[in-house]
Amino acid sequence: MRNDRRFFVGLIGVAGVVGYLIWTGISDTMLYFVTPSELLTRIAENPQSVAQAWRVSGKLVPSSYSYSKTELLHRFVVEDPADPSTRVDVEFRSPLPDTFTDSPDMEVEVVMEGTLRSDHVFEATEVLTKCGSRYEAMPKSESVALSGGRIE
Amino acid sequence: MIPALGEFALWIALPVALWGCALAFLGGAWSRGDLVLSAERCTYAIFFLVAVASAGIITAFVQDRYEYWYVYNYSSRELLTFFKIAGLWAGQRGSIVFWALNLSLFSSIAIWFNRDRNRDLMPYVNGVLLALLSFFIAISIFVQPPFELLGFTPADGRGLNPQLQNYWMTMHPPMLYLGFTSFSIPFAFAMAALMTGHLDARWFQVTRKWTLSSWLFLTVGVILGMRWAYEELGWGGYWFWDPVENASLLPWLVATAFLHSVMIQENRGMLKVWNMGLVILTFLMTIFATFLTRSGLIESVHSFAQNLTIAWIFLGCLGVVAAISTVLVVWRLPLMQSERQFESFVSREAAFLMNNLILLGIAFTVTWGVMFPLLTEGLTGSKVAVGPPFFNRVNIPMGLVLLALMGIGPVIAWRKATPRNLKRNFLFPIVVAGVVAAVLFEMGVRHAYALLTFVLGAFVLTIILIEFWKGTRARARIEAENPAIALVHLVRRNRQRWGGYIVHVGIVVIFMGFAGKAYDVEVRQSLMPGESMAVLSPFGHEYELTYESLSTSRPQNTFAVVTALFTVRQDGADLGPLTTERQFVLAPPQTMTEVGIRSTIVEDLYLLMVLNQDEVGIVENRPDLQRATFVAMVNPLVPWIWYGGLIVVVGSLIGLWPGAGLPIPRHGGERTESDGLAPGDGDSGSSEHDPASGAPAAVG
């Protein structure tokens, strides 16, 4: 009996340590996942949060992409899918993912992590694009194919 | 013709599966051998029918039958035949049939091997497996039909995502599916044990090889996925803690815990309910993984299709399996009393238990990290993201504890370790680890986690080496054999134990490969042809990469492939050329980065072209307009991950090799301390005297 109790104390101890790690881990690394409009309103409401990192998801504005040869800097504009008038300028230094294409006939959804500078340019530390997946070949077009629509 | 036959076969398979399932359970309940036998023949028939359906899908791909929705969306005329055959598992619709194919194959094998034994369990085993088969076949027919027609015949298909046209990627999903489906067999035996009340150790002993092979498939599947991400995604890493990656890791973690904790039940008759829980949890995790990968419910860059129907179906299946298993476990609780009590924290039981808690802790962390954004959104309305920093921060310390336990667990004594036992087993390895720590620190390794990984790795490797050495020496002395032969005989005598040690060596090597990440080097530079960039390896030497030229070619299905040619020099010595490419694929329209990798035994030089800045320079081949931006990385120890993976495969195969080699009694009965895996206290070489009981390992 005494040993069983000791065993449970040990169990709870380990569970407690794991729980503590998870708790502090989440609160220290968690990012808010927002749309461009939400990002701007949240920062307008609470100017101190400007230093904070965010994860922003939006739609790439067609033909907004440019690359600076001298600064090795990618620039593009992301708009809110629900409200296309809200736009955020983005700067990014690392290589863009292969799926990032700026062509007028493709909708590219961009997910970025980074901070909003005081000049309201979003400085991304990470850029991911959502189109196609590892396992699914271009599911976006499924509806097109099924409706018997456009076939290339 | 053959595709139509395939569809027909799939339709027949469903009533056969349902009928067989009913027969199996009724045959078991009424002790009617004829019904049981009939149900087993249903399983063989289903394997045949699903094989015909799979052949139909493959034929449709190979013959370019674009009137089928599935073929149209995952293939094109220009696709290599190899990838057309892999079309069977390229998308969801095919992979459900592929799943059913594997499951029916494994079920047939399990039933065939047990045609003369474990007859009390087999009706229920078969019933559970047929229920699962009915589920997958029904989904395939009613929700995700692979043979759905478009209504017209397009001239060509949409093509396969070029990132998936990679040989690692062709092997990665089937390996995971093999792992997932083969775990259904231990699960079915566990359920049968609960239903019949025959809850001795037999249900996991007869499925040991299934558990181990499932674990091996999962391991290989996960590592192949890492290898693919490393070569194809072009960011120099292999693991992103993406929900889809996490999905494949979860069943692996719980299965690993299960593999270890059954040893306590075998040797000490403890943790019976716990093991039952783990086998159920692993099976649930395989379904959860499919749910995560396939539903798109969780925000992921990789899972795009938000197919909520399939999400709810899998969630429903998860709920039903969890509910039925819980009811069965609660009903049979009185039969699963522990035979012994836990005696001390300094014992092998405690080390194994700790291993289990850590593995489940990591699994919980991963699940929590995946689900947390969904929960927060549901509860508070604001979306949050939990990324790699969270997973690394929580899982790396736990991984290090696990690494230490890999050394402690196998040699510490059962029940209660005496100071003498501890000193005998751990003093020398601790000294070695201390020396390694001092040397590495002196050499400039100051990253705490990396240093700890190497030191603990040295500790574990020393312990394993000593075990091998002691065992070989004892055998060589007793049997008067030469050491090489003694070593072979030693391993053959208890392959599960020694194979397990080799797996541990592989895992240690993989961990060290992970630790190399702390010393990644990255240089980004814009170059004109003729200019060079220098990268300093953490091992002290310097690579000099000279951008020689840019060339363009137009292979099939591309607008252009732009290749940058480099020459590599290491500290002045010429190492030859290295190329990196960007491919502009036509169908589907997409850019692909082809990374240039130059591997040595300790590091990879990893080169990619970010972009070339003037199309005129490419099209007209004018060197003065061929400025491009490149990223060069040195990824130390990454090759060790792949080497470690190979060692793990070798170790697992030693454990899996058919025939005798597992010192387990044939019928249930757990072993006493005297014939444990290793007596721990005293000379471990004495495990050589395992009674071995001569029983051939029952293959599932």
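How far apart are the axes of helix α17 (residues 448–479) and helix α18 (residues 483–493) of chain B, and at what angle do they pack? The axes sit 8 Å apart and the angle is about 110°. Before the close-ups, some housekeeping: this is a predicted model, where local features need pLDDT of at least 70 and side-chain atom pairs count only at pLDDT 80 or more, while totals for chains, interfaces and linings use all residues. Residues are numbered from 1 along each chain as its sequence is written, and chains are lettered from A and ligands numbered from 1 in the order in which they are written.

**View 1. Helix α17 of chain B meets helix α18 of chain B.** At about 110°, α17(B) is roughly perpendicular to α18(B) (roughly perpendicular covers 65 to 115 degrees). Axes here are lines fitted to C-alpha atoms, for helices over the stretch in contact, with angles running from 0 to 180 degrees between N-to-C directions. From α17(B), the contact takes in Gly471(B), Thr472(B), Arg475(B), Ala476(B) and Glu479(B); α18(B) brings Pro483(B), Ala486(B), Leu487(B), His489(B) and Leu490(B). Two residues are in contact if their C-beta atoms, placed from the backbone, lie within 7 Å. Sorted by type, the contact has 5 nonpolar, 3 polar and 2 charged residues (Ala, Val, Leu, Ile, Met, Phe, Trp, Tyr, Cys and Pro count as nonpolar, Asp, Glu, Lys and Arg as charged, and the others, Gly among them, as polar).

**View 2. The buried residues of α18(B) are Ala486(B), Leu490(B) and Val491(B).** Buried means 20 or more other C-beta atoms within 10 Å of a residue's own, exposed means 12 or fewer, and partly exposed is in between, with C-beta atoms placed from the backbone. Down the axis of α18(B), the buried residues fall within an arc of 130°, so they line one face of the helix; the arc is that of the directions from the helix axis to the C-beta atoms. Their cover includes α17, α19 (495–515) and α21 (638–656) of chain B.

**View 3. Two loop residues of chain B, Trp241(B) and Leu271(B), have positive phi values.** Most residues other than glycine have a negative phi. Trp241(B) has phi near 55° and belongs to the loop between α10 (208–232) and α11 (243–268) of chain B. Leu271(B) has phi near 60° and sits in the loop between α11 and α12 (272–295) of chain B. Buried or partly exposed: which is Trp241(B), and which is Leu271(B)? Trp241(B) is partly exposed, with 18 C-beta neighbours inside 10 Å, whereas Leu271(B) is buried, with 23 other C-beta atoms within 10 Å.

**View 4. Gly434(B) is part of helix α16 (residues 419–442) of chain B.** Gly434(B) has 13 C-beta neighbours inside 10 Å, so it counts as partly exposed. Gly361(B) is 73 residues from Gly434(B) in sequence, and their C-alpha atoms are 28 Å apart in space.

**View 5. Chain A, with its 3 helices and 7 strands.** Helices (H or I, at least four residues) and strands (E, at least two) are DSSP runs, numbered from the N terminus. Starting at the N terminus, the order of elements in chain A is α-β-α-β-β-β-β-β-β-α. Of its 152 residues, 32% count as buried. Among contacts in chain A between residues at least 6 apart in sequence, 44% link residues at least 24 apart.

Conventions. Parallel < 35°, antiparallel > 145°, perpendicular 65-115°, else oblique.
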